[in-house]
Amino acid sequence: MMSTTSPLPIRIGISRCLLGEKVRYDGGHKRDSFLADTLGRHVEWVPVCPEVEAGLGTPREAMRLVGQPEAPRLLTVTSGLDHTHMMERFSHHRVRELKTLDLSGYVFKQGSPSCGVERVRIYHEQGMPTRNGVGLFARIFQERFPLVPVEEEGRLADPSLRDNFLERVFSYARWREWQRHRPTRRGLAVFHTAHKFLLLAHSRPHYEQLGRLVGNAKRYRPTDLTQAYGRLFMEALRVKTTVRKHANVLQHMVGFFKSRLSAAEREEWQEVLHDYHRGLTPLIVPLTLVKHYVRRLEIRYLADQVYLSPHPKELMLRNH
Ligand code: SF4
């Protein structure tokens, strides 16, 4: 049996201003109550403000990205001071420090020339700014930790993006936890089995490809196998789930015990699934019913499935 919760604290990096600290260029903050109050009860935040930590004070002159999207410069808006080199040097140093904390995710402040993950404004000598930049610190972080899930606070207001991000965070934490405990080929097979339905809810092709890796494990050197599995596993979870995929997964699970349900229970199940399919109820409704049957009928194989309880229920995910 595989533990579905990580005994180590789940650490997530975060742009410091999102926790309410007054570190913005204008002396203000951008506190996000979901992050600070709700998610903060389940994870350990690792706050970083690249601009303040790099030595720029608060308040300070605002900055912006200027030049080419692949290598923009970080300039102050009015006086044109170039902080690119200083910020890059600081960022490389800071990500080396962050490595020791084994982050399971990062929430960045959107739009910032230091922290924005996408669509950051890039200014040009002539013409209108384009929205195709990445903040300097966010870019260096992602280059150093390509598998760590990252998201911007603005996108987390969308329930499905929030659900997906947190699913990836908690999954990455489980993956890292598994790696810490002297991974074996047999252990990888157990990990893969426990994630079967979660993976199927995202991408059947990825699930099958991962299955082939596990099935042919002896052909790979252990480190190559672990690296390949981790990369593909995190890639799979980035594929969007849909109502249809969830409905298929749920129906598949019920197939394991349907013959043990009474006629009335079977009818109830079909109604609940049908309502979910039509968008009348959130995923949590059929999921709770499946969990109830799995517990009552003691279906051991399904009880170990991460799909049935992937993250703390207080986060109210899968309720939308
Ligand atoms: S966006 Fe980033 S650099 Fe700007 S104040 Fe927030 S943490 Fe600091």
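Analyst: Two strands count as paired if DSSP finds at least two bridges between them. In this predicted model, strand E1 and strand E5 meet that condition, because 3 bridges join them, and the two run parallel.

User: Which residue in E5 is the bridge partner of Gly 13?

Analyst: The bridge partner of Gly 13 in E5 is Tyr 106. Tyr 106 also has a bridge partner in strand E8, namely Val 150, and E5 pairs with E8 (residues 150-152) in the parallel sense over 3 bridges.

User: Which way do the residues of E5 point, and are they buried or exposed?

Analyst: The general idea is that side chains in a regular strand alternate between the two faces of the sheet. In E5, Gly 105 and Val 107 point one way while Tyr 106 and Phe 108 point the other way, and all of them are buried.

User: In what order do the strands of the open sheet stand?

Analyst: The order is E4-E3-E6-E7, an open sheet of 4 strands in which the pairing is mixed. Strand E4 (73-76) and strand E7 (130-133) stand at the edges and have a single partner strand each, so one side of each is left without a neighbour in the sheet. From one strand to the next, the twist averages 60°. Within this sheet, strand E6 (residues 120-123) runs antiparallel to E7 and is joined to E7 by 3 bridges, with Ile 122 standing opposite Thr 130 in E7.

User: Which residues of helix H4 are buried?

Analyst: In helix H4 (residues 136-144), the buried residues are Leu 136, Phe 137, Ala 138, Arg 139, Ile 140 and Phe 141. Among the elements that cover these buried residues are H2, E4, helix H3 (84-99) and strand E5 (105-108).

User: Where is Lys 30 found, and why does it count as partly exposed?

Analyst: Lys 30 is found in the loop between strand E1 (11-15) and helix H1 (33-38). A residue is buried with 20 or more other C-beta atoms within 10 Å of its own and exposed with 12 or fewer, and Lys 30 has 19, so it counts as partly exposed. Leaving out residues up to four places away in sequence, Lys 30 touches Cys 17, Leu 18, Arg 24 and Lys 109. Lys 30 and Lys 109 are 79 residues apart along the chain, yet their C-alpha atoms are separated by 8.5 Å.

User: How many residues surround the ligand, and which are the closest?

Analyst: The ligand is surrounded by 13 residues, of which the closest are Cys 17, Cys 49, Lys 109, Ser 112 and Cys 115. Sorted by class, this shell has 6 nonpolar, 3 polar and 4 charged residues. Helix H2 (residues 50-53) supplies the largest share of the shell, with 3 residues.

User: How is the protein divided into domains, and how far apart do their C-alpha centres lie?

Analyst: Domain 1 covers 11-157 and domain 2 covers 158-320, and the C-alpha centres of the two lie 32 Å apart. The contact between them takes 14 residues from domain 1 and 14 residues from domain 2. On the side of domain 1 that touches domain 2 there are 7 nonpolar, 4 polar and 3 charged residues.

User: What does the protein span along its principal axes, and how many helices and strands does it have?

Analyst: The C-alpha trace spans about 75 × 50 × 35 Å along the principal axes, and the protein has 13 helices and 8 strands. Of its 320 residues, 36% count as buried.

Definitions and conventions: Residues numbered from 1 in each chain as written. Predicted model: local features only at pLDDT ≥ 70, side-chain atom pairs only at ≥ 80, totals over all residues. Domains from an automatic or database assignment. Contact = placed C-beta atoms within 7 Å. Nonpolar A, V, L, I, M, F, W, Y, C, P; charged D, E, K, R; others polar. Axes fitted to C-alpha atoms, helices over the stretch in contact; angles between N-to-C directions. Near = placed C-beta within 6 Å.
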